[in-house]
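Hi,

Here is the structure I said I would pass on.

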Amino acid sequence: MDRIALEGGVPLKGDIPVSGAKNSAIKLMAASLLTSEPVRLTNMPRLADTRLLGRLLQRFGTQITETNGPDGHQETLLHTPEITSAFAPYDLVRQMRASFNVLGPLLARTGHAKVSLPGGCTIGARPVDLHLKALEALGAHIDMHEGYVFAQAPRGLKGAEIEFPFVSVGATEHALMAAALAHGTTVFKNAACEPEIVDLAECLNAMGAKISGAGTPTMVVEGVTSLKGTDWAVICDRIEAGTYALAGAAMPGSEVRLTKVRPELIGILLDKMREAGCEIETTADTVTIRRGQGRLKAVDITTEVYPGFATDLQAQFMALMTLAEGESTVRETIFENRFMHVPELGRLGANISVQHGGEAKVTGVEELRGAQVMATDLRASACLIIAGLAARGETVVNRVYHLDRGFENLEGKLSACGANIRRIKGNDPIEEE
Ligand code: EPU
């Protein structure tokens, strides 16, 4: 397994281009199953997760061509003239939960699908009950045995009114893809409003779907009988952007400019960073973060659905707070077990106590010291990198395959700003998650 070694204490200075969003790219790839025509995705991030989903789609008959776009990003052409198999095996689904979301498109296009249940996850139980209830509401007949979901809708899916009992990004996206090809009208209530939902809905509309209200809790979908191909540029990755904004504030004297970004997508984070004492300037597509010489101030955060503070930035923000002056409270409300990074930050000298399941108190310390730490999930890995940038001495982050799932060229982007960071290649087999 690869590791990342970094020597902390160096202020970052330079530009960091933000890539396309992982959490949009994988849903857009799945959406390409809804049409027999080619879908060309530009601004694609080069990530382990997109490669993995590509492998799964190829099993269904998708032809995939990857090229380098003029802007240096990848372009991916996905073409599924025919679904040759509607079976998603456990071995592939367990490696990336979001691949469960192929169920809806396969079902909508072919009338049947067999997809493995994704199983548990380190950050929470993450059931898929809302996904399945939504598909049932659309007329699917669902059976479950031996860890697989068998879904059938031989005469097609039918529009319905679906009110989600609480907000789920994945269930909203999943049901949206299925409803696009259902007969009649579907009305979603309490739908997720994340920018990636808007990206998906707009891409589906470019494919001929009739979706209105994306980005609000009520979405209306007039089902159509078929969808066509399109060219679509993946939205910028607000979590990657937020992560580098925080990395840019880790060391006194840093000045980092994010480019190819939509600052409004990380508005709450930037407000919290200003409150902590960072100087932040935005233009339509850049964010500049400056950190003066003094210590930052402790600031409280509570994770919420969009546009609230993103759970996917909670660990990274906590890393910044470990060195702030005072005590900050970090509340996690989306996942029940998303403090796995706390003991690892403790190895660097952070003073954090998890009060009860969803709340951590971070008492800022004067200094972190480099140590060996272990990444437990994707965003926790990024948090350890940020803490390592601010720590004195060398930090080695183990299990960086988590990082490779969601951050394109992280070492390259940080070293271009002066970070002393390198990858140590390892040949150990990847452990099961
Ligand atoms: N939930 C259920 N039942 C369901 C679906 C969700 O109980 O059927 C629960 C979950 O267990 C969780 C809450 O509802 O406690 C919210 O989950 P949601 O469905 O919104 O999350 P998701 O779709 O599984 C996506 C992102 C996550 C991100 C969350 C929240 C992707 C591939 N994943 O997950 O991203 O944290 O939304 O914004 O889009 C990451 O990128 O590192 C990551 C974990």
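Below is what turned up, taken topic by topic.

Some housekeeping before the details. This is a predicted model, so to speak of a local feature I needed pLDDT of at least 70, side-chain atom pairs count only at pLDDT 80 or more, and totals for chains, interfaces and linings use all residues. Residues are numbered from 1 along each chain as its sequence is written, and side-chain values use heavy atoms, with hydrogens and water left out.

Cavities

A cavity here is a set of points, on a 1 Å grid over the protein atoms alone, where a 1.4 Å probe fits but cannot get out, and lining residues have an atom within 4 Å of a point. Grid points are joined across faces, edges and corners, and a volume is the space filled by probe spheres set on the points. There are four cavities of 30 Å³ or more.

The largest cavity has a volume of about 60 Å³. Its lining is made up of Ala249, Ala250, Arg291, Leu296, Ala319, Leu320, Leu323, Ala324, Ile386, Ala387 and Ala390. Two elements give two or more residues to that lining: helix 10 (314-321) and helix 12 (378-390). Helices (H or I, at least four residues) and strands (E, at least two) are DSSP runs, numbered from the N terminus. Helix 12 has the largest share, three residues. By class, the lining of the largest cavity has 10 nonpolar, no polar and one charged residues. For those classes, Ala, Val, Leu, Ile, Met, Phe, Trp, Tyr, Cys and Pro count as nonpolar, Asp, Glu, Lys and Arg as charged, and the others, Gly among them, as polar.

What lines the second largest cavity? Ala21, Lys22, Asn23, Glu196, Asp237, Arg238, Ile239, Asp312 and Arg379 do. Helix 1 (22-31) and helix 8 (238-247) are the elements that give two or more residues to this lining. The second largest cavity has a volume of about 50 Å³, and its lining has two nonpolar, one polar and six charged residues.

Is helix 10 mostly covered or mostly open? Mostly covered: eight of its eight residues are buried, where buried means under 20% relative accessible area, exposed over 50%, and partly exposed in between (1.4 Å probe, protein chains only). Among the buried residues of helix 10 are Phe317, Met318 and Met321.

The loop between strand 18 (301-302) and helix 10 holds Ala310, and Pro307 has its place in that loop too. The peptide bond from Tyr306 to Pro307 is cis, with omega near 10°. Ala310 is buried, at a relative accessible area of 13%. Between Ala310 and Ile268 there are 8.7 Å in space, C-alpha to C-alpha, although the two are 42 residues apart in sequence.

Aromatic rings

I found three aromatic pairs. Rings of Phe, Tyr and Trp (its six-membered ring) pair if their centres lie within 6.5 Å, with planes under 30 degrees apart counted as stacked, over 60 as edge-to-face and the rest as tilted.

One of the pairs is Phe87 with Tyr148, tilted, at 5.7 Å centre to centre and 35° between the planes. This pair links distant parts of the chain, since Phe87 is in strand 6 (residues 87-88) and Tyr148 in strand 9 (residues 148-152), 61 residues apart. Phe87 is partly exposed at 27% relative accessibility, while Tyr148 is buried at 14%.

Another is Phe164 with Phe188: the ring centres are 5.9 Å apart and the planes are at 10°, so this pair is stacked. Phe164 and Phe188 are both buried.

Tyr148 also has Lys114 over its face, 4.8 Å from the ring centre; a charge sits over a ring if NZ of Lys or CZ of Arg is within 6 Å of the ring centre and within 35 degrees of the ring normal.

Backbone

Asn43, in strand 3 (residues 39-44), has a positive phi of about 55° although it is not a glycine.

Over to you!

How values were computed. On a 1 Å grid over the protein atoms alone, a cavity is a set of points where a 1.4 Å probe fits but cannot get out, and a pocket is an open set with protein on both sides within 12 Å along at least five of seven lines; lining residues have an atom within 4 Å of a point.
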